[in-house]
Amino acid sequence: MSTRYPFTAVVGMADLRLALLLNAVSPAVGGVLVRGEKGTAKSTAVRALADLLPEVPVVAGCRFSCDPAAPDERCPDGPHGTGPAGSRPARMVELPVGASEDRLVGALDIERALAEGVKAFEPGLLADAHRGILYVDEVNLLHDHLIDLLLDAAAMGASYVEREGVSVRHAARFLLVGTMNPEEGELRPQLLDRFGLTVEVAASREPEQRVEVVRRRLAFDDDPAAFAARWAHEEAQLRERIVAARALLPSVRLGDAALRQIAATCAEFEVDGMRADIVMARTATALAAWAGRTEVLSEDVRQAALLALPHRRRRNPFDAPGLDEDKLDETLEEFGGADGEDDPEPEGPDDGPEGPGGGPDGPGGVPPQDRGEQGPQEQSPPAGPEAAGGDEPGPVPEQRPTEQPAEQPSTAPGAQQAAVSAADPFRTRRLDVPGLGEGADGRRSRARTAHGRTTGSRRPRGTLGKLHLAATVHAAAPHQRARGRSGRGLVVRRDDLREAVREGREGNLVLFVVDASGSMAARKRMSAVKGAVLSLLLDAYQRRDKIGMITFRGKDAELALPPTSSVEAGATRLEQLPTGGRTPLSEGLLRAHEVLRVERMRDASRRPLVVVVTDGRATGGPEPLVRARRAARLLAAEGTASVVVNCEAGPVRLGLAAELARELQGMTVTLDELRADSVSALVHTVQGNRRAA
């Protein structure tokens, strides 16, 4: 087994270390989600936690790690008698992003079923992780079907397998730890809420701290065993402290005053449901035990709120997680003190970062509860009125009544107007790519996928995928006598194997081509247009699409957002989008054609959907409309599915957007028809004039 980087050698990141240690003390807290930029040692810290956990007593020979003191009565390997008990180190099981459903929950042991005629269950990763840690790196990239299985297991504390004639239930209680880079996309709200705590991490901006990080990492890479040996004493101290805190935990008292503070805080910050209250209570109790106290104080409630609430306050994926600490302090002060437990002078073995083992970065790995020491984490939100640009919006509205934006683009084609805010987003109708694809799992267009309803079987193409057991047996059955079968086993040849053909939905590449020219701003439509694009971005997030954005104005088109899974980045680019100038429609379409050409080479299976947001006008250069139609026909010749969102308004309408849609062999919808509750949306399909492939 390779040597892990010691937990106590991790520099900085006090909140992350505290959250992990609290879960080690009380697994009922519910796990940790670690959000942060790449290269911040998220995975290193999580993997190091496993070596700090106490050994787990298990029933000897049980594949499902039953506790000898309270074995699972429904364990597939049971019933367990009074046989010998053993112990093993706590496991940290990693769930790969590309894992199959069978690997996660387990499945029928196909080899034994075919060779011996025995129906046996082969446990999966959920069984391995029982009473340990289940770690998912890049959890935001996990496929939806695996997320659903994780949600079920986390909610019930057990895994149920009902498939291929196998009916198995086994305990699956684990500490769920996930890491993610928000730039690559957000988590579904259901899974986000399952994480008890969340922590934001960022690389330190302090040169001395960065030097120490590099020094320790180089020393570890040169000789992992020697480096780990130098930190062995600190690791042992921290391990003993975790054991002591676990023993103290049942004695910790959570008084009525602390409970009122927890309930008032959750109500004040308008979090959904009651899980936040429960997680805060468990976290505050674990904090008191970690500090060596038997009483929960107001400071424990405050720290619990900072760890448990930020990710539960988001109302849509464009909201950044966070908590107003001034508001939190006011709430705690208002509802504290009735039980005589609001902030007496903290006492106990650990009054802060100078407890057993050293300082905030040092050997003990004891994180401070005072966020004031979080250098890089404090730098994220801008401070001061001038940092937020709060005084800038004032003068702008005062000047606008004297301006005439309707005439400005025509008299000054190159003029740029300030970015306008987007209108409120709305629920959009689903836009599909016609035909049957074979892309990554998602929720938009019909596709042959590894998961979904089984529609048939076929011979494997290369490596065998999901075995279609019935079809395989049916193919092998007529040849048993000729193959000299004897006994219960079925004689199967490779030619007999059949894999399941399944149909589900895929995620697509949704490429927005947005008209930001003066013709859009002149009629004060840009706010509505931005609201529509923001709504489509939200829809793309929910359907697990990749997105990209091209804007065109003035003389050229710009790739404002290269294809990515992060809709937050798209929303940011959209909010900052200025308007003004001519309308180089052809350049926007040609840039879309080039972007899609490159993306097809990177991922040929992900089908694109081009959404052109425009009024159809084209200006600048010779024959702008002719060039725009020629560019549209180029996209259509590639078989690219397209939708034109017609932004034309006013009593006189030229119908140019509809003509563009015909050249693209796509369909056109108005802003009103884009809404899911629009009556006209019920009769439109993305196919438009194109027939499904």
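Which residues lie nearest the centre of the second largest pocket, and how many residues line the second largest pocket?

Analyst: This is a predicted model, in which local features need pLDDT of at least 70, side-chain atom pairs count only at pLDDT 80 or more, and totals for chains, interfaces and linings use all residues. Residues are numbered from 1 along each chain as its sequence is written, and side-chain values use heavy atoms, with hydrogens and water left out.

The second largest pocket is lined by 40 residues, and Pro27, Ala28, Arg173, Phe174 and Leu175 lie nearest its centre. A pocket here is an open set of points on a 1 Å grid over the protein atoms alone, with protein on both sides within 12 Å along at least five of seven lines, and lining residues have an atom within 4 Å of a point. The space in this pocket amounts to about 870 Å³, a volume being the space filled by probe spheres (1.4 Å probe) set on the points.

Two or more lining residues come from each of helix 1 (14-25), strand 2 (56-59), helix 6 (144-156), strand 10 (175-180), helix 7 (189-194) and helix 12 (275-290). Helices (H or I, at least four residues) and strands (E, at least two) are DSSP runs, numbered from the N terminus. Helix 12 provides the largest share of the lining, 4 residues. By class, the lining holds 21 nonpolar, 8 polar and 11 charged residues; Ala, Val, Leu, Ile, Met, Phe, Trp, Tyr, Cys and Pro count as nonpolar, Asp, Glu, Lys and Arg as charged, and the others, Gly among them, as polar.

Two of these lining elements can be followed further.

Helix 1 meets helix 10 (residues 232-248): their axes, lines fitted to C-alpha atoms over the stretch in contact, come within 9 Å and cross at roughly 50 degrees. Leu21, Ala24 and Val25 of helix 1 touch Leu238, Ile242, Ala245 and Arg246 of helix 10, contact meaning heavy atoms within 4.5 Å. This contact has 6 nonpolar, no polar and 1 charged residues.

Notes. Axes are lines fitted to C-alpha atoms, for helices over the stretch in contact, and angles run from 0 to 180 degrees between N-to-C directions.
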